[in-house]
Amino acid sequence: MSEAENVRRAVIVEDNDDIRRLLVQIVAAQGFTVDEAATGSAGLELIRSRGADLVTLDLNLPDLDGVEVCRRLREFSDAYVLMITARADEIDRLSGLDVGADDYLSKPFSPRELAARITALFRRPRSASAADAPGAEEQRRAAEVQRSLLPQQDLRVDGYEIAGRCRPARSVGGDFFDWYATREGLGVTVADAMGKGMGAALLAATVRGVLRSTAGQSDLDLAFGVAGAMLHTDLEQSGSFVTVFHARLDAASGLLSYVDAGHGLALHVSGAGLTRLPSSGPPVGAVADSLWASERLALAPGDALLVVSDGVLDSFDTVDAAMSAVGTAVSASLSVEDACDRILELASGPEVTDDVTAVMLRRGDG
Amino acid sequence: MQFTVENRPDFAEVQGVGRLNMVSAPKLREVIAGVVAGGRTHVVVNLGGTDFMDSSGLGALIGCLKLARQAGGDLRIANVQPQVRMVLELTNMNRVLTPYDSAEAAFSPRGDSRD
């Protein structure tokens, strides 16, 4: 990946198409690889997923305002931020707020002025930039690795559709999902490691590996017990815990056997609506010598299993309110992919500070 | 989040006001480790002023519970607010960290005052 080292990336966040095109042109001419977004949340997504050395940010966006976008991107990105506003008198107020932008520019601006500001920004070394630069590169790489650990979206099990989405609050996170083919059908996991960021991501990868290693054990209770005991030691050492939902599908009969270790947010979607599935015990790592008894659920044709992470709850006052919104999103969806997208969309407000995940497994109507 | 410790006759009461999250959780661990190291192994965490707790906050409570038990005591929680109660129920941890109505009730000899 050595070619990546010298490429400078920029993300342009601007809702006006003409101005955005102009910005893209000017910034690309400065030698940046440029991505563009018309909304604050799309911009944040790009910065998070591809990384950025420079962000130009319009103050007035249709969804989040530029100040909010800046505050949120500062949680995971060290990019130089150039805030662009339509009103010159806004700049004084903004500078006083200390929102984390590096420079401000008012519209209309000349291409030359913008280019000069960018050059000036990059001449100005970031405080502790020498130490931070490799860190930022490492973060970007870590995010790439974590994404590569997600399952292949094109796994086919006859008569079923499956989709999953995960959006970490920072560049990497403690949420993950996994699935893989088994002799009988499918193994599925959704888990949430305590905390956020790199520490949580390391634990998430460990849990994924340990659970996969027990796939060959045909007795689910035994398999999960072994995995849980193994993980308990590691998690206890790090003062952490993980909530895990793990299921095995027998494709021919539609029978799901599952263990819910303190996750609590798995749902059976049927003609009757959404039913939350009972949990089997505490999270892994929380209580020594825990045992989790597996539960069973029969998926009738047209039924689905939906598992979300608690990040979805951040936008709601109660679990019931969140589940009702999830139900509405699922009813309106056109496919399992669309359902997951809509659920992540529910959890995209500024109050959402946690990783968010949704996985849906649907049995065909046939 | 600021924590205060009050020494009651039968237990130490730790109270925090604000959000128990990734930022404040290490502080709670530190405060309670200090309390337990000082010989007060029966600890009540009064969560009356804690309107939000995330997984790191829950992790801190679990860690402190282990610490108190290892020292021969126990840790209990009281005055639990709705969002915190929701996290405890969702994770099934309400069976281990049972909410009590008040700090006094947590170590009351009549152990039936759990709510």
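I began with chain B and counted four helices and six strands. A reminder to myself before going on: this is a predicted model.

**Chain B, order of elements.** I read along chain B from the N terminus and noted β-β-α-β-β-α-β-α-β-α.

**Chain B, inside.** I then checked burial, and 47% of the 115 residues of chain B count as buried.

**Where the chains meet.** How many residues of chain A are in contact with chain B? I got 21 from chain A, in contact with 13 from chain B. On the chain A side I sorted the touching residues by class and wrote down eight nonpolar, nine polar and four charged.

**Chain A, α7 with α8.** I moved on to helix packing in chain A. Helix α7(A) covers residues 197–213 and helix α8(A) covers residues 220–237; they pack at about 155 degrees, and their axes are 10 Å apart. Angles over 145 degrees count as roughly antiparallel, and α7(A) and α8(A) are therefore roughly antiparallel to each other. I noted the crossing of α7(A) and α8(A) as right-handed. Which residues meet here? From α7(A) I listed L203(A), T206(A), V207(A), V210(A) and L211(A), and facing them in α8(A) are A227(A), M230(A), L231(A), D234(A) and L235(A). This contact of α7(A) with α8(A) divides into eight nonpolar residues, one polar and one charged.

**Chain A, α9 with α10.** My last stop was helix α9(A), residues 319–332, against helix α10(A), residues 336–346. The angle between them is about 145 degrees and the axes lie 8 Å apart. The crossing of α9(A) and α10(A) is right-handed. On the α9(A) side, the contact is made by A325(A), V326(A), A329(A), V330(A) and A332(A). On the α10(A) side I found A339(A), R342(A), I343(A) and L346(A). By class, I put down eight nonpolar, no polar and one charged for the contact of α9(A) with α10(A).

How values were computed:
Residues numbered from 1 in each chain as written. Chains lettered and ligands numbered in written order. Predicted model: local features only at pLDDT ≥ 70, side-chain atom pairs only at ≥ 80, totals over all residues. Axes fitted to C-alpha atoms, helices over the stretch in contact; angles between N-to-C directions. Helix = DSSP H or I, 4+ residues; strand = E, 2+ residues; numbered from the N terminus. Parallel < 35°, antiparallel > 145°, perpendicular 65-115°, else oblique. Left-handed = near helix turned anticlockwise from the far one by under 90°. Contact = placed C-beta atoms within 7 Å. Nonpolar A, V, L, I, M, F, W, Y, C, P; charged D, E, K, R; others polar. Buried ≥ 20, exposed ≤ 12 C-beta atoms within 10 Å, placed from the backbone.
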